[in-house]
Amino acid sequence: MADNTPWHVKDVNQRNKVISLDPKEDLYMSMQDIPLIFPSEREEPLVDLKGPLPDESGVGHGTEFFGRIISTYPVNSVTEQREGDPICDAFGFQRYDDGCTIMCVADGCNWGDRPREAAQRARDCFMRYMKNRRHKFCSTQELGHYLLRSFAKVQEAIMAGKESPQEAGTTTLVGGVIVPVDMAQVHKYCKSQRKQKNISPVIHIGRRGRKDTTQKWLFMCASVGDCKAFRCNTKQKTLEDICMYFHNGSELKNNRSHNDPGGRLGAYIGGEPDLRNLRVYASEFSPGDHLVMTSDGVYDNLDARHLGVEPQDIKGLEEYGDDWYKLPGSKKTHQLAWNWLVNNFFKILDDGVETAEGKKAGDGAEKYSPEYISETLVAHALKTTETSRKFMREFPHKRLPKDYKTYQGKMDHTTCIVFKLPQDYVKTRVSVRERGIGEGVQTGGGSDKVISKTKSATSSNNMEGCLSKSQNKSESDLSNMALEYRIKDHWPSSDDGPSTAVILGLETMDPAEQSVEDKVAAGSCA
């Protein structure tokens, strides 16, 4: 059988590094298990949007959401065709009447029809799968389980109908859900977890005797590759990189080049995905916060090194001179570079970006609205890479010099979607503690009004059963994942290798979950 391994991973030692995951590392079991509010049954979304559009314009919904995908590549002066076409990025957005929101961004790796197809299949399959499982998101650990299962389904969808791995493309993917927290139960179950060791807090629930009844929201996502999710507060001028991960005190991406996304789904080696940086993340959101999701075509053009800024130009990094590769991947050096990026981010939003037409990007939109933020960041990426495009147009047969002072930014397919969590969701929703009994929680104005005539003891039993089911399923996920990733000496070929569900640690499946839709999901996501 022919060896389909890419040339740069034929070496055995290098190959083992490409598809590997620390078996002792859990993806969401160490997170605080938070009870969530979810619908009693499947519902259709109020808003369902996708990108890119054929004319590369933006698409939005009121003042809550806006997204746009463009290409910053130049038109080849010889062929008169734009380099990099077709666009290989894709995004999806769904909002429901209870405030729950599902979003994703996929970035196809390299150029051509195969990565474009991979990204679009990833978007469609992720959005469909999470939509059909939304009524089962009873806790963070349960939601983490379904996020990973959705990635397994995405892998199957990308490979569906391909006679050989070479026919399938690869894509990075970040996808997640914003969902309301069940404030009536969160204090009880978080209190019981305080005594447990190695539990990472997800939301702030107040100190003893000072219960915070303000409605809280949780964003939880899975990510593989280099797409990003940020929590942005324009009033406090804060920006959180939700998908930042440190391992043993070092930033995970420190030992890879900027051409390496760190992981991808699809046919990377023998038809299997690259799961090096597959992770699950969670962050607390408050009304008024913005969730910003981007491909690397946006955030690389916010990064200091791509803008010609040297370490010696940043306070605290002067000792590293003009060489970014001398920086250790420690939290301290990352924080100093991150502080520069945050200041640059808000300076761009405050000042605005002038377009080629002489207008400000997002002209006509309210400042700091999702449309304004998305249009401004996309316009910034386009303007930053102008000198690079000019060089490529004038010298189509030459390689662009690696001189970020002269040729700033990085040309790419560029995606930015922004969702603002509204202040005024008022909707009766089924609380996890009374699922199937008839109790609901009516939210609005920052507090919960419990509508119930049922005994609290029954509520507690229901919640405990839900969390117990989540914990058992999660432990099974981890043991399966650990078993699979102990096989590091020889990676099996696509003929006798494990299924994608095994690779993602998800082969233990509730029989009730094996619906007809699951069996045909891959094919229907095309």
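How many bridges join strand 2 to strand 3? Three bridges join these two strands, which run antiparallel. Within this pairing, Val-59 has Gly-67 of strand 3 as its bridge partner. The structure described here is a predicted model.

In general terms, strands of a sheet pair through backbone hydrogen bonds, either parallel or antiparallel.

Strand 16 (residues 413-420) is mostly covered, with seven of its eight residues buried. Strand 3 (residues 65-71) pairs with strand 16 in the antiparallel sense over seven bridges, and Arg-68 stands opposite Cys-416 of strand 16. Strand 15 (residues 290-294) is also joined to strand 16, by five bridges, and these two strands run antiparallel. Here Leu-291 has Phe-419 in strand 16 as its bridge partner.

**Helices against the sheet and against each other**

Two packed helices are described by the angle between their axes and the distance between the axes. For helix 7 (residues 370-384) and helix 8 (residues 386-394), the axes come within 5 Å and cross at roughly 45 degrees. The two helices are therefore oblique to each other. On the side of helix 7, the contact involves Leu-382, Lys-383 and Thr-384, which meet Glu-386, Thr-387 and Arg-389 of helix 8. Classified by type, this contact has one nonpolar, two polar and three charged residues.

**Salt bridges**

Side chains of opposite charge can pair when their charged atoms come close. The whole structure contains 27 salt bridges; the table lists examples.

| Salt bridge | N to O distance |
|---|---|
| Asp-98 with Arg-134 | 3.1 Å |
| Arg-116 with Asp-113 | 3.3 Å |
| Lys-153 with Glu-156 | 3.9 Å |

The bridge between Asp-98 and Arg-134 links distant parts of the chain, 36 residues apart. Asp-98 is in the loop between strand 4 (89-95) and strand 5 (101-108), while Arg-134 is in the loop between helix 2 (113-132) and helix 3 (140-159). Both Asp-98 and Arg-134 are buried.

Arg-116 and Asp-113 are separated by about one helical turn, because they stand three residues apart in helix 2. Arg-116 counts as partly exposed because its relative accessibility is 31%. Asp-113, with a relative accessible area of 51%, is exposed.

Lys-153 and Glu-156 are likewise three residues apart, about one turn of the helix, and both lie in helix 3. Lys-153 is buried, its relative accessible area being 9%. Glu-156, at a relative accessible area of 30%, is partly exposed.

Technical notes:
Residues numbered from 1 in each chain as written. Predicted model: local features only at pLDDT ≥ 70, side-chain atom pairs only at ≥ 80, totals over all residues. Heavy atoms only, no water. Axes fitted to C-alpha atoms, helices over the stretch in contact; angles between N-to-C directions. Helix = DSSP H or I, 4+ residues; strand = E, 2+ residues; numbered from the N terminus. Parallel < 35°, antiparallel > 145°, perpendicular 65-115°, else oblique. Contact = heavy atoms within 4.5 Å. Nonpolar A, V, L, I, M, F, W, Y, C, P; charged D, E, K, R; others polar. Salt bridge = Lys/Arg side-chain N within 4 Å of Asp/Glu carboxyl O. Buried < 20%, exposed > 50% of the residue type's maximum accessible area, 1.4 Å probe, protein only. Pairing = 2+ DSSP bridges.
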